[in-house]
Amino acid sequence: MGLSEALQGAINEQVKNEVYSAHLYLAMSAQCEAENLPGMAHWLRIQFMEEWGHALKLFDYVNERGGRAEIRAIDQPPARFGSPLELFQEVAAHEARVTAMINDLYALAAKENDYAAQIMLQWFITEQVEEEKSAGEIVDQLKMIGDNAVALLMLDRELGARVAEPGMGPMPATGESDA
Ligand SMILES: [Fe+2]
């Protein structure tokens with residue numbers, strides 16, 4: 001069974017949204033680099049690569065189902081994000097918006113009785129729980145840190161140790177499926 005036109009359009013739109021997320025996090029990474037917070041910059045750069053991985057996962061899925069993946073125009077992300085706390089609050093808010101988008105996609109797949117697409121989207125639903133959790137933890141820690149520069153540098157060092165998930169970069173191995 002091929003993808004319905006509506007579902008194909010909605011998944012293509014989500015490819016765009018995932019690439020926007022990637023660009024947003026890379027823009028945030030640039031600010032952290034400029035502010036000498038290399039650990040946060042590194043964490044956001046991995047986030048950037050993961051979002052590219054999400055976009056490709058959806059892109060590949062449209063093709064797998066015999067549909068036609070489309071590349072749509074990406075909005076320019078902001079260039080300034082305020083304090084580190086404000087920046088990570090925006091990460092958390094953005095991930096909450098993405099969760100709502102994924103939920104809408106799932107609802108559409110369910111409405112159309114597309115069981116295969118629902119299974120594919122379950123991976124994203126699980127991923128969003130993780131994304132919201134990790135962003136929320138960093139926000140909470142930054143609130144505890146307040147104006148304490150030493151504590152901020154310690155958190156920065158910790159975030160600098162983040163390791164990329166295998167296969168979630170912009171160029172996962174051909175034929176690989178970690179869904
Ligand atoms: Fe994503």
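Leaving aside its neighbours within four places in sequence, which residues is Val15 in contact with? They are Ala55, Leu58 and Phe59, where contact means heavy atoms within 4.5 Å.

## Basis of the model

This is a predicted model, in which local features need pLDDT of at least 70 and side-chain atom pairs count only at pLDDT 80 or more, while totals for chains, interfaces and linings use all residues. Residues are numbered from 1 along each chain as its sequence is written, and side-chain values use heavy atoms, with hydrogens and water left out.

Val15 lies in helix α1. Helices are DSSP runs of H or I with at least four residues, and they are numbered from the N terminus. With a relative accessibility of 4%, Val15 counts as buried.

Pro84 is found in helix α3 and counts as buried at 19% relative accessibility. Residues up to four places away in sequence not counted, Pro84 touches Leu37, Met40, Leu142 and Leu152. Pro84 and Gly66 are 18 residues apart in sequence, and their C-alpha atoms are 43 Å apart in space.

## The iron site

Glu18 (OE), Glu51 (OE) and His54 (ND1) coordinate the iron ion at 2.1 Å. Donors are N, O and S atoms within 2.8 Å of the metal (3.2 Å for Na, K and Ca); because water is not among the atoms, sites may look incomplete. Along the chain, the donors of the iron ion follow the spacing E-x32-E-x2-H.

Why are Glu51 and His54 separated by about one helical turn? Because they are 3 residues apart in helix α2. Both Glu51 and His54 are buried.

## The nonpolar cores

A nonpolar core is a set of buried Ala, Val, Leu, Ile, Met, Phe, Trp, Tyr and Cys residues joined through side-chain atoms within 4.5 Å. The largest one has 24 residues, and those with the most contacts inside it are Met28, Met40, Leu44, Leu87, Phe88 and Val91. At least two residues of this core come from each of α1 (5–34), α2, α3 (84–111), α4 and α5. The helix that gives the most is α1, with 6 residues. A second, separate core has 20 residues, including Leu3, Tyr61, Leu105 and Ala117.

Phe88 is in contact with Met40, Trp43, Leu44, Ile138, Val139, Leu142 and Leu159, leaving aside its neighbours within four places in sequence.

## The second largest pocket

On a 1 Å grid over the protein atoms alone, a pocket is an open set of points where a 1.4 Å probe fits, with protein on both sides within 12 Å along at least five of seven lines; lining residues have an atom within 4 Å of a point. The second largest pocket holds about 260 Å³ of space. This volume is the space filled by probe spheres set on the points, and grid points are joined across faces, edges and corners.

Its lining has 15 residues, and Trp43, Glu130, Ser134, Ile138 and Arg162 lie nearest the centre. Each of α2 (38–64), α4 (115–145) and α5 (149–159) supplies at least two residues of the lining. The most come from α4, with 7 residues. By type, the lining residues are 4 nonpolar, 3 polar and 8 charged. Here Ala, Val, Leu, Ile, Met, Phe, Trp, Tyr, Cys and Pro count as nonpolar, Asp, Glu, Lys and Arg as charged, and the others, Gly among them, as polar.

## Other helix and loop residues

Gln47 lies in helix α2 and is buried, with a relative accessible area of 1%. Leaving aside its neighbours within four places in sequence, Gln47 is in contact with Tyr25, Glu95, Glu131 and Arg162. Thr126, in helix α4, is exposed, with a relative accessible area of 56%.

Asn36 is found in the loop between α1 and α2. Although Asn36 is not a glycine, it has a positive phi of about 55 degrees, and it is exposed, with a relative accessible area of 62%. Asn113 is in the loop between α3 and α4. Its phi is near 55 degrees, a positive value in a residue other than glycine, and at 46% relative accessibility Asn113 counts as partly exposed.

Technical notes:
Buried means under 20% relative accessible area, exposed over 50%, partly exposed in between (1.4 Å probe, protein chains only).
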